[in-house]
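Please open the structure in a viewer and keep the selection panel at hand. The stops below say what to select next and what is there.

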Amino acid sequence: MPKDTGIGASMKRREDVRFLTGRGVYTDDLALHGQTYAVFVRSTVAHGRIKSIDTSKAAAMPGVLAVFTGEDFKDVGGNPAGWLINSRDGTPMREPKRPVLAHGKVRHVGDAYAAVVAETYAQAKDAAEQLAADSVIEELPAIIDMKAAVADPSNRVHDEIPDNLCFDWGWIEDNRAAVDAAMKAAPHVVTLELVNNRLVPNAMEPRASIGEYNPGTGDYKLTTTSQNPHLTRLLVAAFVLGIPENKLTVVAPDVGGGFGSKIYHYGEEALVLAAAKKLARPVRWTAERSESFLTDAHGRDHVTKIELGCTKDGQILAIRTETLANVGAYLSNFSTATPTFLHGTLMAGPYKVPHVYVNVKTVFTNTAPVDAYRGAGRPEATFSLERVIDKMCRELNLDPFEVRRKNLLTPDQFPYTTPVGLVYDTGNYHATLDKAMQIADVAGFEKRAAESKKRGKLRGMGLSTWIEACGIAPSHLVGVLGSRVGLYDAATVRVNATGNISVMTGAHSHGQGHETVFAQIVAEKLGIPESSVEIVHGDTSKIPFGMGSYGSRSLAVCGTAMAKAVDKIIAKGKKIAAHMLEASEGDITFENGKFQVAGTDKAKTFGEIAFSAYVPHNYPLETLEPGLEETAFYDPANFTYPAGAYICEVEVDPDTGKVDVVAFHCADDFGNVMNPMVVEGQVHGGVGQGIGQALCEFTAYDENGQLLTGSYMDYPMPRAEDVPFYNVDYSCQTPCTHNPLGVKGCGEAGAIGSPPAVVNAVIDALHRGGHTHVTHIDMPVSPSRVWSAING
Amino acid sequence: MHNFDFAKPSTIADAAKALAADGAQALSGGQTLIPTMKQRLAQPTVLVSLTGIKEMQGVCMGDGGLHVGAATPHAVVAKEARAHYPALADLAGGIGDPAVRSRGTIGGSIANNDPAACYPSAVLASGATVVTNKRKIAADDYFQGLFTTALEDGEFVTSVIFPIPQKAAYVKFNQPASRFALTGVFVAKFASGVRVAVTGAGNDGVFRWAEAERALSADFSASALSGLSVDPAGMISDLHGSAAYRANLVKVLTGRAVTAAG
Ligand SMILES: Cc1cc2nc3c(=O)[nH]c(=O)nc-3n(C[C@H](O)[C@H](O)[C@H](O)COP(=O)(O)OP(=O)(O)OC[C@H]3O[C@@H](n4cnc5c(N)ncnc54)[C@H](O)[C@@H]3O)c2cc1C
């Protein structure tokens, strides 16, 4: 019987009551007394020198309260990169300053170089238009193509960086010679050049920020669309504006999706705070959709050459990759970690590969900054690897399922140290592969293909066996890898006198369902109903600390901190119970919400203990503090390693090149599952985004750096009709060995594992249709690209 | 958006008067005009809504065929034209999304004459008559290139009269982002012959494919097209498809439209 409450129950999401009835409260919903409106003046050229900005006319326009330019922020700090990466030669990466407003130069279309604050939005907009007309910007040649950027030392995004190179990273540099030798000795080498297409995150809610300042106390408040308010507070306070951390509160209320793009601190947040201080009035800004396209940190954008050395029967011997990774015009907060430690470390996949070497050159261009986007680095690694393995199978005429079976790690090999620096703790990759093949009815494929053929369609099947490292992250490890922050988390469990509970967590839910799932865990551990547990998140004034939600870390890291805080509550409860029941602490058991003297019927309920903690009349006050509130910080010992096997079936219309995903099967190992319905939802969303990347989405800049796909007229988002009903299985569970819940994380899996499954299926369909000259099609595998590949 | 005045006349004559004012512009469903104004790319001083004029609303049979009021939303055409001209109803029902279909109108669509819009193909393939506040214009004379029509200053569409073909179908291949027509083909078979109009593909907007019309007039079957080819010169080439790709789609979709027409 499936449970209907507690851990493992598919409880409906309590947050959906407010989301689905229009009662969510997002940043733009807040109306503040005396509020004013900020509008940004954004560069219309990709690269230009700011010659002059005449603010006088704009400043004199009706309703205008203040005008800001880069000049006003030239003495404050820049928005920093969170990871320091060293090049192969040991030199540190180049780190240009990322100012609040562009100063001296503008570096991408959309780069804000001035801002206007006015009484109304329309007045601010009018004045911004005037300010743009009164600005003289000398256009410089745009640097868009990565290969050209590194080849031409004369044209520079940042004047002080000669070859537009941020770093040239080798992983692991010491292994390079051995990998080269293994590649040379390999009986067969497969080479594939591919592009991992740049994506615009397109969260449903655009970015929005409100700054407030109280001149009476000197307190600042930033309400903003953030996935991690504490990190934003740290960046704004310590690095950019120099506000004491204790004078700044950051609140991220309901947030309508982020997918990574709302991890980072953006200049608009600093501006509304600085403006609020200057005016002593609230200053608000909400991005228009076109601003989101131009300025949200984009994702992916890798150009990769991957080589795979193998035996003729498909045993992988060596893997070597060379990647150009676009970071855009400035370093966003995680931008240097994404193409390196979230990418290179995954290049062995779930396979036993003795030799792996990864080279990544990270390049500045006159485009929007690029940073982590759902999956972040791991989709890029998985795509390269799963595509090249598919190509190997075709070149050597091998069965892709058998080849995976031959190379996958086996359960007896854990813990397994990869040649790219990770230690996989546990897994059973053969089990998920078998499960996927079973639920996909691989055996029945030929029959389905024959039926498709009758309708003039080419049917193909694609496989991807993926792994990721998430539960970000063990601080000691990421510290060695260059992280400038720790990546532990924290939670406070506050038991109120009446026995109900507030849990303050450092995770931030912007669609994931934490408010439901976290409550299920706490309720089960304490033997109380879920309705007695409230999950509080997104407010630095209420929460002890936290690094937010991304990298599939919320449950594995924040959830573990919460579970540990609950354990402390139980431990203290036992002390109180021992006193009240006149027994020794060691004899007290806690089960189903009852503290009991073992072997007797003497017991106190959880509620009675809570009451006693707050009304300590019969209480060991000499040895124990009153109250029942505990905080735990948790730093994971290792990453978690979800893995799985995805099988995609497509039908290709050879006349138009249109691809329909007709079936998608997922067999995932997420370790223990807390709420199956929420897990399925996460997989659905992730696979949907992966299909979007594989079939629809792309970001095009022209040679002048104009964003050609800057609206939904040209940026193809996947729609319901583009995705099938997913077949999701998570029954193969190898619990994580180093967190008490045994959980691994499921938020990014779908977006990581699915793109290669889709593309492999398309190539399979074309080969079955006789178009065997097609060895690869870059994403998105759009109708026109497929048709051109068939006819090219 | 800049400030503007708003007028909502209830007769064609009053609308004509209002539109004579300096900087006045017609507003129908607003699905194109309002976003353009929001982006500050259009700044009319007076918006004259045509949606309050009774004679410009609705679908009915009359002289010369099916009369569709210019201010009739797509959703209404999708429903009410079905009994008379199913292919036209299908086309209307495949435009945009429910919100767009509830507001967007045939008059706005053919006045705007977006090269990727659906309606121009139906108007041209049907040999329809575009009725304005001043005159009647044959479809063949009405469409004059990208976003260009025979409409003169102060002239606006009041209705469109569609002769009813014996058989017809519209097949649209979606542009992957906007879901307008990357290419769309409307085929209409009349006693006098077959008309084939192509939207989304041509550099000069909607056009008739004369070769296919000849072949299909002789033999109304998809196989009649097999020997034909479409010259990519003159086809649109953009992010979503090359000229060669569109030329291929023209042929493929024409064949599918013929098959769908039955
Ligand atoms: C999301 C979205 C998806 C869409 N998808 C499609 C699609 O798939 N296929 C498709 O064909 N279209 C599509 N459209 C366009 C839409 O269907 C309308 O046809 C189009 O926007 C114009 O009609 P309207 O009534 O909204 O005109 P408006 O926006 O009101 O006006 C458009 C222009 O025509 C002028 N005008 C309006 N009425 C008249 C008149 N009677 N006489 C003279 N001039 C007039 C206006 O002054 C303005 O210049 C889409 C639009 C949107 C927003």
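Select chain B and display its C-alpha atoms, over which the radius of gyration is taken. Chain B has a radius of gyration of 18 Å, which agrees with the value near 18 Å that a compact globule of 262 residues would have; the globule rule is 2.2 Å times the number of residues to the power 0.38. Along the principal axes, these C-alpha atoms fill a box of roughly 55 × 40 × 30 Å.

This is a predicted model, in which local features need pLDDT of at least 70, side-chain atom pairs count only at pLDDT 80 or more, and totals for chains, interfaces and linings use all residues. Residues are numbered from 1 along each chain as its sequence is written, chains are lettered from A and ligands numbered from 1 in the order in which they are written, and side-chain values use heavy atoms, with hydrogens and water left out.

Now colour chain B by accessibility. Of its 262 residues, 53% are buried, that is, under 20% relative accessible area with a 1.4 Å probe, protein chains only.

Finally, select the cysteines. Over all chains, the structure holds zero disulfides, a disulfide being a pair of cysteine sulfur atoms within 2.5 Å. A:Cys393 is buried, at a relative accessible area of 3%.

Terms used. Buried < 20%, exposed > 50% of the residue type's maximum accessible area, 1.4 Å probe, protein only.
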